[in-house]
Amino acid sequence: MQKQEEVLSRLRQIFDIFLRDNFSTTNNVYFEKLLTHLQAKENEYVLQAPFVVDWVDKCLTMVVEDFNKIHPKVVSFMLNLSSYLAHNEWMIVRLRELDIVNRIIKLLQSGDRNFNPSIKLGGIRLMKAITVYSMGLAFLRIHRAWPLLIQYSNNDHTLYVVREARAVLYEMLYKSCDKLHDKAVTLEILSEIMQPIHDNLYKNTDSNERIHIKVDDNELLHKISATLDLLSYILQQTLVLEERTNLIALLKEYHDFEITIWKLIDMTHNLYFIEKIFTTLSSYNFALLMHEKLLNPDSVEPPEEFTEFGLSFFNLMKFFITRKDGVSFVKLAELNHVLWKKLGARAPKQIVIQQERVTFENQLICFHMLPLLFSMKYAQKINDEENKVELFDAYVVKLLEISCEQTLRLCYTMRDAFFTADGTSVGLVTPGLANKCIHSLLSLEKVLDREQAVTVCQALLYVLREAVALSVITNNMQDDCHSVSSAGSSYLEMYPRGTELVVNDPRVLHSVMVGLRTLIERFKITWKESVETIGLVNCLAFVLENTNMDARCTVQALKLVQLAVEHFLSPNMALLVDNLQGSALVCLGPIIVKRMHDTMWEVRDTTLELTTSIASISRIKFPAFQRFLIDSKIPPIVYEMAKNDSENYVRASAFKCLSQMVSINLLWENGLSQLDLVDHLLFVMYRENDDIVRSEAVVTLMKIYEHRKIHNKYKNTLFSTLNYCVAGDHHAEVKIRALEFWRREFYRQFSNQGMIDGVFPTVTFSKEQKKIVTLTEKEIQTSIAKVFGEIQQYGYFGIMLKCLREEASMEVLEFIIKGVKIMTEKFDRYKGIMDEIELRSPLLDNEQSKFGFPSQNQEAPAPQESGQGSPMNSSQSDDVIEAILNSQDAQLLEKAFETQMQINDEEEKTDEKRHIDEFYYKQFAVPLRQFNAELKNIDLDQLVKQHQEWFECKENFTSLLDDILTAIKRDDENMISDCY
């Protein structure tokens with residue numbers, strides 16, 4: 001209660017300051033933070049305080065009297081605060097008593113002031129809050145608020161204002177029509193929306209149609225564009241309704257909507273405006289289909305009868321063909337696909353168009369791909385390529401089978417418009433159009449069905465083969481991975497002619513490979529769904545062998561090879577072959593080695609990712625790749641890249657690749673075991689400047705520690721380096737990886753003591769005694785004591801305490817606390833284990849924890865004991881001072897210079913030190929008993945909650961109010977100082 005009083009007291013002060021005549025602020029963030037806190041559920045009591053409503057009334061009165069008297073940010077704050085008050089049904093009564101909403105609406109409707117966007121947004125939010133209640137809707141109807149919302153919905157306002165205004169206007173329109181059944185108001189709102197269109201269309205006088213139209217008038221197009229956008233929004237919002245609305249019927253009956261919008265075509269040749277017209281028409285067609293057919297209980301047609309809708313759709317598509325506008329054609333197909341998906345399960349899977357049953361999405365996909373399909377050539381069957389032509393024929397037949405008659409007619413119409421009679425392109429099939437096709441298809445990846453995705457993937461594969469075939473001809477190569485003949489100039493004479501510029505464009509090639517990779521990854525397409533994918537690696541090999549290929553295409557080709565290796569290799573192949581001879585994969589070896597030496601780091605990095613994938617699947621799924629890596633001498637190259645590459649991302653990828661390789665026996669025995677991997681990894685973890693490289697180095701060393709034996713000479717250095725990574729590294733990911741290493745050490749130690757799947761069995765094989773032993777409770781405690789004794793010796797518990805006290809990273813803290821809780825739960829099961837650990841592994845005095853870094857805790861050199869030298873008497877002291885006074889300045893400088901050189905040499909030797917001090921871990925050696933005692937003083941849950949608040953920037957409401965008061969006071973002081 002006292003806390004609430006403090007909040008209300010401070011808030012009252014702030015509200016009073018806001019209404020000062022000279023109030024000004026330079027910090028607008030505090031207004032947003034204050035509104036956020038006032039909106040929170042736990043602060044509902046603030047909005048219910050009487051002074052809040054009274055302040056809104058007072059502020060509004062001052063604004064109405066003199067708008068310039070109140071700061072615009074305060075006005076916006078007042079409007080937003082009013083909207084929060086309106087969410088409370090009981091506060092609505094108080095707002096009505098003070099006539100607050102009425103005065104706000106009149107203030108916004110007064111056209112003599114140019115309000116800033118934040119004030120407009122606040123007013124819209126207030127209207128949105130009161131539309132929830134029927135009383136609020138009636139109030140807005142009485143005050144005719146919709147012209148204001150329509151005005152705010154045009155494109156002259158900010159995005160937030162337009163978006164909120166459209167949402168409120170649609171809510172008001174829908175509820176007036178279908179909830180309140182107020183036809184008069186609904187028609188009035190629709191007429192107000194449609195007025196800019198009606199005012200600029202045909203004028204009928206004396207039954208004679210007279211035309212008064214300004215063609216491509218910028219001001220007019222801008223005005224009508226806003227109206228079309230608003231209409232499209234309203235129509236598309238109706239598609240998500242579960243109940244039928246009469247809005248569409250009213251538009252059709254009172255505004256002859258379709259014909260009215262079609263007439264706008266005569267006003268312009270502007271493609272941008274035409275696209276808006278067709279967006280509105282498409283939205284109307286789908287809304288008409290939804291509410292006059294699918295959701296209309298009085299409809300007499302079968303649910304799957306879509307002839308009327310289909311013909312309207314085909315007419316829209318045909319318009320762009322006659323205009324020879326391929327880009328708009330593709331955009332319209334994309335829009336219709338999105339709108340069709342909004343129908344969801346309410347639309348039948350298959351529809352009937354002119355007595356022909358088809359899948360509508362397949363028609364859309366054909367239109368999407370049509371300009372792209374024009375770049376494919378076709379040749380007569382040749383003896384050695386008959387099977388390849390059959391695949392292409394099968395795909396063409398598939399396209400014909402999924403298309404209806406009207407779709408095929410439009411396809412042929414577009415062909416005739418884009419090509420001459422002899423099959424020569426007239427320049428309309430351009431790389432830009434092909435790019436648009438691919439990007440449009442990829443924008444639909446989240447709504448595409450698997451069937452359509454496979455069809456698109458096959459088309460992209462054939463386009464890729466066209467690019468490879470053209471590349472083969474350009475480079476005068478004899479090998480051919482194309483589905484049809486590419487020998488000599490006959491390829492260029494194939495039908496259609498003139499499309500080589502499309503497939504030869506690097507941007508199109510890049511888009512094709514990106515599209516293939518996206519679809520294969522998302523839909524998990526394999527050779528079972530698309531036989532064409534079998535030749536993918538061959539095609540990409542030709543692409544990668546092209547020395548003139550730009551870096552972007554090379555990177556995408558390598559990523560696609562990686563995907564092909566992961567998805568298109570049958571698991572049964574591992575049982576049938578033990579090498580890659582006779583396979584297209586053999587050519588990958590020289591390509592990988594070549595690209596590892598590429599001048600572009602992006603190419604080297606992607607090549608390492610491909611190698612990592614090959615190494616990963618070679619372990620179990622496809623062992624033949626192990627010999628492939630050895631024969632190509634790839635592991636030593638990867639290690640050299642990890643050591644010497646100039647780009648940190650490449651070095652990190654190299655370590656990631658090595659982490660996959662070290663667990664494979666064949667690779668380890670044939671090269672990796674002879675390299676100084678452990679020594680270099682410890683050096684990287686201690687000396688490397690880049691975070692991501694250190695992180696991958698820790699993982700690689702953990703894999704070596706898990707699968708291989710590390711020499712005992714590195715043991716102290718290993719745990720010292722791990723402790724340094726946890727305590728001294730500034731990067732959270734490196735800390736977590738080092739803690740995972742520690743966790744792996746726990747698993748290893750317990751596994752050596754006989755633990756299986758987290759429990760000690762009654763009978764187990766002892767690796768120490770090398771025989772089967774029976775485990776009693778006492779022996780289990782002894783085994784656990786051995787593990788924790790060694791763990792505490794290397795400073796694990798000290799590191800945990802240091803992190804709990806000092807760690808700032810939320811991820812690291814959660815990782816540590818989770819591990820500590822599990823460990824303490826396990827400890828509670830065993831009594832007396834603490835004494836057992838202390839008995840087996842007592843810590844010496846010189847091993848006690850110091851909790852600090854060596855640089856901060858270096859012990860000063862011990863003073864020389866008196867027994868080691870005789871003290872200097874007074875006569876000797878006088879002689880030394882006399883000698884110094886008699887010496888020359890040059891000799892003093894020489895002595896000083898020699899001393900300085902000696903110091904510099906020592907510093908250089910220190911800098912050249914590769915590894916951390918091997919006894920660094922001793923400063924963290926904390927006994928388990930002390931660790932438990934310290935842990936009891938730490939509230940782990942509160943620690944997590946506190947850090948969570950820090951990272952989410954959650955502020956205490958009281959402290960926020962104090963900050964605001966301080967900031968206002970500081971602004972006032974600055975204003976006073978500026979006066980002088």
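## Terms and basis

Contact is taken to mean heavy atoms within 4.5 Å, and helices are DSSP runs (H or I, at least four residues) numbered from the N terminus. The model is predicted, so that local features need pLDDT of at least 70 and side-chain atom pairs count only at pLDDT 80 or more, while totals for chains, interfaces and linings use all residues. Residues are numbered from 1 along each chain as its sequence is written, and side-chain values use heavy atoms, with hydrogens and water left out.

## An enclosed helix

Helix α35 (residues 677-687) is largely enclosed by the rest of the structure, because eight of its eleven residues are buried, a term that means under 20% relative accessible area with a 1.4 Å probe and protein chains only. The buried residues are Leu677, Val678, Asp679, His680, Leu681, Leu682, Val684 and Met685. Their cover includes α32 (634-644), α33 (648-661), α34 (665-669), α36 (691-707) and α37 (715-728).

## Cavities

A cavity is a set of points, on a 1 Å grid over the protein atoms alone, where a 1.4 Å probe fits but cannot get out, and its lining residues have an atom within 4 Å of a point. Four cavities of 30 Å³ or more are found in the whole structure. The largest holds about 80 Å³ of space, and of the eleven residues that line it, Phe18, Thr25, Tyr30, Phe31 and Ile964 are the closest to its centre. Helices α2 (29-39) and α47 (957-979) each give two or more residues to this lining, with α47 giving the most, four residues.

The second largest cavity, with about 40 Å³ of space, is lined by Leu137, Ala138, Arg141, Met172, Ser176, Leu180, Asp182 and Val185. Here α9 gives the most to the lining, with three residues.

## Aromatic contacts

Rings of Phe, Tyr and Trp (its six-membered ring) pair if their centres lie within 6.5 Å, and planes under 30 degrees apart count as stacked, over 60 as edge-to-face and the rest as tilted. The structure holds 53 such pairs. Phe313 and Phe360 form an edge-to-face pair, 5.1 Å centre to centre with 70° between the planes. Phe313 lies in helix α17 (residues 307-322) and Phe360 in helix α19 (residues 360-373), so the pair ties together parts that are 47 residues apart in sequence. Phe313 is buried at 2% relative accessibility, and Phe360 is buried at 0%.

Notes:
Buried means under 20% relative accessible area, exposed over 50%, partly exposed in between (1.4 Å probe, protein chains only). On a 1 Å grid over the protein atoms alone, a cavity is a set of points where a 1.4 Å probe fits but cannot get out, and a pocket is an open set with protein on both sides within 12 Å along at least five of seven lines; lining residues have an atom within 4 Å of a point. Grid points are joined across faces, edges and corners, and a volume is the space filled by probe spheres set on the points.
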